[in-house]
Amino acid sequence: LASPSSHPSFATAPPNCCLKLVAIMSILEAWYMSTPVTDQTAENRRVPNEPVTREALADLGVLSWYVPPAEYPAKAVPWEPKEGIQDPILAAIREKRGYNYADIITCSEECLPDYHNKLKAFFEEHIHTDEEVRYIVKGTGYFDVRDLNDVWIRIRMGAGDIIVLPEGIYHRFTMDSRNFTQAMRLFKGVP
């Protein structure tokens, strides 16, 4: 496991870590979005930029960690760690939070059938009755969430970032201009 000085996303360890394994809190970059959004893959920052703190995200119920990613398959439905990578930090997070099902998807023009329509669908605002959990294993992208005043916040995600969006929060996902995201989706039970 890398040390805090070797990665810019490292911060302090979260309380109640599992055993001796430590998932490092991610320092996600987030900001209030400008409107209207004409290019969903652009940063869409306000001018001047209005950053959103980790504490403000936590107040909305958004959790995040950084776990150095391993090499994962481009697609696996379902993905079973006993058949592949044995990442003890990810295993500890899964056990502690009850995520007993996972799959891996790659979002790119080459890997995702009907890519452009899927991208539009991902960007449609929606809400779930369960948490939405994503672990970015390669690439980058954005999650957008609404704050308590219904204002959009954009959260930049990169390889190693895990995000938990609480049930009942309006959100959407989009790629950035790089057009490549490989993500593990984690669930409590089979979706």
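1. The secondary structure of the protein chain comes to three helices and eight strands, where helices (H or I, at least four residues) and strands (E, at least two) are DSSP runs numbered from the N terminus. Read along the sequence, these elements follow the pattern β-α-β-α-β-α-β-β-β-β-β. The model is a predicted one, in which local features need pLDDT of at least 70 and side-chain atom pairs count only at pLDDT 80 or more, while totals for chains, interfaces and linings use all residues. Residues are numbered from 1 along each chain as its sequence is written, and side-chain values use heavy atoms, with hydrogens and water left out.

2. Of the 191 residues in the protein chain, 42% are buried; buried means under 20% relative accessible area, exposed means over 50%, and partly exposed lies in between (1.4 Å probe, protein chains only). The accessible surface of the chain comes to about 10100 Å², and 55% of this belongs to carbon and sulfur atoms, with areas taken from the Shrake-Rupley method with a 1.4 Å probe and, for residues, only the protein chains shown counting as cover. Among contacts with a separation of 6 or more, 70% are between residues 24 or more positions apart, a contact being heavy atoms within 4.5 Å.

3. Asp147 deserves a careful look, and its place is in the loop between strand E4 (132–146) and strand E5 (152–158). Asp147 is buried yet has no salt bridge, and the nearest side chain of opposite charge, Arg146, is 7.0 Å away.

4. What does Asp147 meet in place of a charged partner? Its side chain is joined to that of Tyr32 by a polar contact of 3.0 Å, and a polar atom of the Asp147 side chain lies 2.9 Å from the backbone nitrogen of Val151. A polar contact is a pair of N or O atoms within 3.5 Å; within protein, one must be able to donate a hydrogen and the other to accept it, and residues adjacent in sequence count only if both atoms are side-chain atoms. Leaving aside neighbours within four places in sequence, Asp147 is in contact with Tyr32, Leu60 and Ile153.

5. Arg146, by contrast, does form a salt bridge, with Glu125, the closest N and O atoms being 2.7 Å apart. This pair links distant parts of the chain, since Arg146 is in strand E4 and Glu125 in the loop between helix H3 (115–122) and E4, 21 residues apart. Arg146 counts as buried at 19% relative accessibility, and Glu125 as partly exposed at 34%.

6. By the salt-bridge rule the count comes to 14, and one further case is Lys188 with Glu131, whose closest N and O atoms are 3.9 Å apart. Lys188 lies in the segment after strand E8 (181–187) and Glu131 in the loop between H3 and E4, so the pair ties together parts that are 57 residues apart in sequence.

7. Thr140, in strand E4, is buried at 13% relative accessibility. Its side chain makes polar contacts with the side chains of Asp176, at 2.5 Å, and Arg178, at 3.1 Å. Asp176 and Arg178 themselves form a salt bridge, with closest N and O atoms 3.5 Å apart.

Terms used: Lys, Arg positive; Asp, Glu negative; His and termini not counted. Salt bridge = Lys/Arg side-chain N within 4 Å of Asp/Glu carboxyl O.
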